[in-house]
Structure formats: C-alpha cells, structure tokens
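Reader: I am new to this structure. Please show me how to read its features, one at a time.

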Amino acid sequence: MKTLILILSFSAATLLVLKVLVVVLEPRMTFYPTAGLTARPDDYGMEFEAVDIETADGEKVRAWWMHRDEAKADILYFHGNAGNLSLWLPVFANLYHNGFNVAALDYRGYGESTGSPTEEGIQRDAAAFIEHYWRRFRDPESRVPVLYFGRSLGGFTAAFAASLRQPDGMVLEATFGDKTSLLKHYPVLGLLGIFSSYRLDTQRQLEGTSCPVLVIHGTADRIVPFEAGRRLFDGLANPKRFYVIEGADHNDLASIGGSEYWRQLDLFLAEILDGLD
C-alpha cells in the first residue's frame, strides 16, 4: 500500500512539474520575436505609413500600410511566429510589386511593438490592427477586395480577425487547423501539449465565416507538415481552393511556385470579384 501511495504521489508531483514547466516555457516555445527593425518599406521601393496602434490592454503594436496606385486588392498580412516586420519585407515587397496594397503588423514583443507575446495577446493585437485598418487605412471610396493573409502561426490571427470582421477572402499559407493537430507530428512536444493552455484554433475561428479561402501548402514543409495543411483544408466549410506546391518547404513557397504562385492568387482574386458582382 505504501508503495502504491509513493508511486501515485511521485506521479502527481511529476505531472505538476510538467504542467508548471509548460506554462513557463510555452510562450518561449511558441513565439520567436526579434526586437528592433533593420529595414523599412521605402528600402524596397514602397510608399508606406508607419503607425503605433494601442491595444485593448494598453500595448502599442507597430503597423505598416504599404499603398500603391491601381491596387488589385488590399492585403492584411499576419506574419509567422519568428522575426519582425523588417525581416518579412521581401514578402511584402513581392505582394506590393505584384499589384497589392499591404497592411502588416508586428505582434507585441516583435520589432518595435511593446509587451510580450501570448496567445490571448496576439488576438488583442489582431483586433486592434483590423479596427485601425477599417477606420484609418481603408479608403471608404475603394472598391477593391480585402484579403486577410495568414502565414504559418499568422493563419490563427488572420482567422481570429475574420471572426471579428469578415474580409472578402482569406489566404492561409503553410498553416494548420489547431495546435493539437500540429503537435501530432512532433511526438515529444505532443506529450507536453497535453498540459498546454494554447489552442491556436484556426479551424474553430473560421466556423462562423463564409468568405472564400485559398489554402497554400508545400509538400516538403518540414515545419508545418503537408498533412496538417490538408487536414485544415478538408475541415473548412467555406468556399475553398487548395494550391499544392510540389517540393516546396515552409519558407520557399513563392520562389518554388514561381509565376504559378501569382497566377493562383490572381485566379482566387477573380473568383472573389465574380462573387462580389
């Protein structure tokens, strides 16, 4: 009997330690922010406006509005879990020079945004960002569509933003349905995920939306496996397209896709415009 009590006590203590460990380490294992900025949009030939947006809990997040004449659409870009706005500039420049206006934010703790990132925190950041976009960046006379573009972890924040104010369409690139589905591909992290408080439930956030969704994923993605992207796509009730890029990893989708990548975006945009007529 004493042995059983000792085993149960040890097991309970071990579980408690694991729970505390996950609570402490989870933000550090989820977010990889880089402080400061090393470049600006005008270094890439883009006109832009920089603003600091106050969130509901008093943080200030930096956002850029990269605007051009005769844009095809406005893209609100939600970047992944690493870097900051300046490190994502090549992506913004590609979108801009292919005919899109681009609005993008740095989550709290990234770049020159204040605070430290958490799941709840980046949701507040996304809420403040889209409110500012629709109130200040968006031209009320504009008739171009609005797309939310979520990249990797940014798929979650884009989906959350869509649950607050639905765009005309969404692009989800190299992302996943929720944290549990992603951790299935990482056995050790999956075990720790039992104690996780983060859900990053992109799929659930989209349940109340009806806008078209374009899912983009590479078959050789080593960060968010292709199966996670397929599972996300299969679970969507929205009008949807799945663009598979053969041989593409997590960070080379546009370069591997080449001209076809941009053709797929234009086809998606054309479908949205048909639906708006």
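Author: Let us begin with contacts, meaning heavy atoms within 4.5 Å. Leaving out residues up to four places away in sequence, S152 touches G80, E173, A174, T175, F176, V224 and H250. This is a predicted model in which local features need pLDDT of at least 70, side-chain atom pairs count only at pLDDT 80 or more, and totals for chains, interfaces and linings use all residues. Residues are numbered from 1 along each chain as its sequence is written, and side-chain values use heavy atoms, with hydrogens and water left out.

Reader: Where is S152 found?

Author: Helices (H or I, at least four residues) and strands (E, at least two) are DSSP runs numbered from the N terminus. S152 lies in the loop between β7 (146–151) and α4 (154–164).

Reader: Does S152 count as buried or exposed?

Author: Buried means under 20% relative accessible area, exposed over 50%, and partly exposed in between (1.4 Å probe, protein chains only). S152 counts as buried because its relative accessibility is 8%.

Reader: What is the position of F78?

Author: F78 belongs to strand β4 (residues 73–78). With 0% relative accessibility, F78 is buried too. Its C-alpha atom is separated by 6.1 Å from that of F149, 71 residues apart along the chain.

Reader: Which residues have the most contacts inside the largest nonpolar core?

Author: Such a core is a set of buried Ala, Val, Leu, Ile, Met, Phe, Trp, Tyr and Cys residues joined through side-chain atoms within 4.5 Å. Here the largest has 45 residues, and L76, F78, F129, Y148 and M170 have the most contacts inside it. Helix α3 (residues 119–137) supplies its largest share, 7 residues.
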